[in-house]
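I opened a new page for this protein and wrote down what I looked up, one topic at a time. The sequence and the structure come before the entries.

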Amino acid sequence: MAEETKFKCLRCMSEFRLPYRHGVTEERTCPNCSSNSVRRVKEDKK
Ligand SMILES: [Zn+2]
């Protein structure tokens, strides 16, 4: 089951959403700068 998860690029610091599948580790690339230094961001509900 795929869900949308927030990702953040460590290079250009842009945030974007990508479908994420549990248990599947895929290499992500930033749609903004094509860097693969992309981290998954935990979304805080305030
Ligand atoms: Zn980037």
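The entries below go from the whole chain to the strands and then to single residues.

**Entry 1: the whole chain**

I noted that the model is predicted. I looked up the secondary structure and found 0 helices and 3 strands. Along the sequence, the pattern reads β-β-β. I then checked the extent of the protein: its C-alpha atoms fill a box of roughly 30 × 30 × 10 Å along the principal axes. For burial, I found that 4% of the 46 residues count as buried. I also looked at contacts between residues at least 6 apart in sequence, and 33% of them join residues at least 24 apart.

**Entry 2: the sheet**

In what order do the strands of the open sheet stand? I read the order as E2-E1-E3, with antiparallel pairing in a sheet of 3 strands. E2 and E3 are at the edges, and each has a single partner strand, so one side of each lacks a neighbour in the sheet. The twist from one strand to the next averages 45°.

How many bridges join E1 to E2? I found 7, and the two strands run antiparallel. As one example of this pairing, Thr5 stands opposite Leu18 in E2. E1 and E3 also run antiparallel, joined by 3 bridges. There I looked up Cys9, whose bridge partner in E3 is Val38.

I then asked how many of the 7 residues of E2 are buried. The number is 0, so E2 lies largely in the open.

**Entry 3: Met13**

I placed Met13 in the loop between strand E1 (2–9) and strand E2 (15–21). The hairpin of these two strands has 5 residues between them, and Met13 takes a positive phi near 60° in it. Met13 is a residue other than glycine. I set the general rule beside this: most residues other than glycine have a negative phi.

Is Met13 buried or exposed? I found 10 C-beta neighbours inside 10 Å, and exposed means 12 or fewer, so Met13 counts as exposed.

**Entry 4: Ser14**

I went on to Ser14, which lies in the loop between E1 and E2. Ser14 has 14 other C-beta atoms within 10 Å and is partly exposed.

**Entry 5: Ser34**

I found Ser34 in the loop between E2 and strand E3 (38–40). Its phi is near 65°, a positive value in a residue other than glycine. Ser34 is exposed, with 10 other C-beta atoms within 10 Å. I looked up its separation from Glu3 as well: 31 residues in sequence and 22 Å in space, C-alpha to C-alpha.

**Entry 6: recap**

The open sheet has the order E2-E1-E3, E1 is joined to E2 by 7 bridges, and E1 is joined to E3 by 3 bridges. Positive phi values turned up at Met13 and at Ser34.

How values were computed
Residues are numbered from 1 along each chain as its sequence is written. This is a predicted model: local features need pLDDT of at least 70, side-chain atom pairs count only at pLDDT 80 or more; totals for chains, interfaces and linings use all residues. Helices (H or I, at least four residues) and strands (E, at least two) are DSSP runs, numbered from the N terminus. A residue is buried if 20 or more other C-beta atoms lie within 10 Å of its own, exposed if 12 or fewer, and partly exposed in between; C-beta atoms are placed from the backbone. Two residues are in contact if their C-beta atoms, placed from the backbone, lie within 7 Å. Two strands pair if DSSP finds at least two bridges between them. Axes are lines fitted to C-alpha atoms, for helices over the stretch in contact, and angles run from 0 to 180 degrees between N-to-C directions.
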